[in-house]
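Here is a friendly briefing on salt bridges. Have a look at the model below, then read on.

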Amino acid sequence: MEVTVFTPALEGIKLVKSEQGEILTQPFLDACKHILPVIDKFGAAMALVKSDIGGNISRLESKYSSNPTKFNYLYSLVQVEVETKTAKSSSSCTNGLLWLTRAMDFLVALFQNLIEHADWSMSQACTDSYNKTLKKWHGWLASSSFSVAMKLAPDRKKFMEVIQGTGDISADIQKFCTDFSPIFEENHKFLARCGLDDMKAP
């Protein structure tokens with residue numbers, strides 16, 4: 001079978017929704033987890049993003065594990081916090097889901113850039129996607145750290161060779177962007193309905 005570094009994530013995303021079309025907690029977190037090896041290939045440039053995504057997955061998973069039946073659907077993690085008025089806490093699952101979704105938005109935008117702008121360097125592609133997604137939610141400190149990290153972005157050609165595997169990497173990147181985007185969009189819409197989609201970082 002032809003595989004690329006995206007193959008596990010693309011398989012995982014197929015399992016994310018129930019027959020009724022609701023996002024299931026564990027399959028969603030598993031699909032996001034499958035993106036971590038992709039982020040690894042960026043090296044030091046993405047260390048912050050990786051620890052952020054990994055930390056938020058762990059936070060949501062830990063809550064899910066406390067009662068898998070109750071928290072079978074992703075948004076039930078948020079609804080409980082909305083009811084107890086703890087959703088805006090910095091350690092809440094709501095906050096975890098919001099920042100996990102934002103970090104994933106950044107990755108989707110980055111890979112979209114790599115497909116659409118063959119002439120861009122990796123740091124150009126990273127900076128543009130950061131400006132389009134995370135920047136407006138970051139305070140000065142996070143923004144500065146990000147700018148420094150982007151200077152460590154790997155060479156684009158080498159990166160593409162590393163993630164290629166034996167499959168069609170361009171097709172898989174496009175599929176990743178197409179399949180994952182609607183799920184993240186749904187998360188934003190749900191959080192916006194709860195009035196929780198605009199929390200900022202310090």
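At 29% relative accessibility, Asp30 is partly exposed, a class between buried (under 20% relative accessible area) and exposed (over 50%), using a 1.4 Å probe and protein chains only. This is a predicted model, in which local features need pLDDT of at least 70 and side-chain atom pairs count only at pLDDT 80 or more, while totals for chains, interfaces and linings use all residues. Residues are numbered from 1 along each chain as its sequence is written, and side-chain values use heavy atoms, leaving out hydrogens and water.

**Salt bridges overall**
- The whole structure holds eight salt bridges, each being a side-chain nitrogen of Lys or Arg within 4 Å of a carboxyl oxygen of Asp or Glu.
- Side chains of opposite charge can pair when their charged atoms come close.

**Helix 2**
- Asp30 pairs with Lys33, with 3.6 Å between the closest N and O atoms.
- These two sit three residues apart in helix 2 (residues 25-33), so about one helical turn separates them; helices are DSSP runs (H or I, at least four residues) numbered from the N terminus.
- Lys33 is partly exposed too, at 31% relative accessible area.

**Helix 9**
- Glu161 and Lys157 form a salt bridge at 3.2 Å, N to O.
- They lie four residues apart in helix 9 (residues 156-164), about one helical turn.
- Lys157 is exposed, at 58%.

- Asp179 and Lys175 bridge with their closest N and O atoms 2.9 Å apart.
- Four residues, about one helical turn, separate the pair in helix 10 (residues 169-193).
- Asp179 is partly exposed at 24%, and Lys175 is partly exposed at 37%.
- Elsewhere, shared partners join Asp30, Lys33 and Glu61 into one salt-bridge network.
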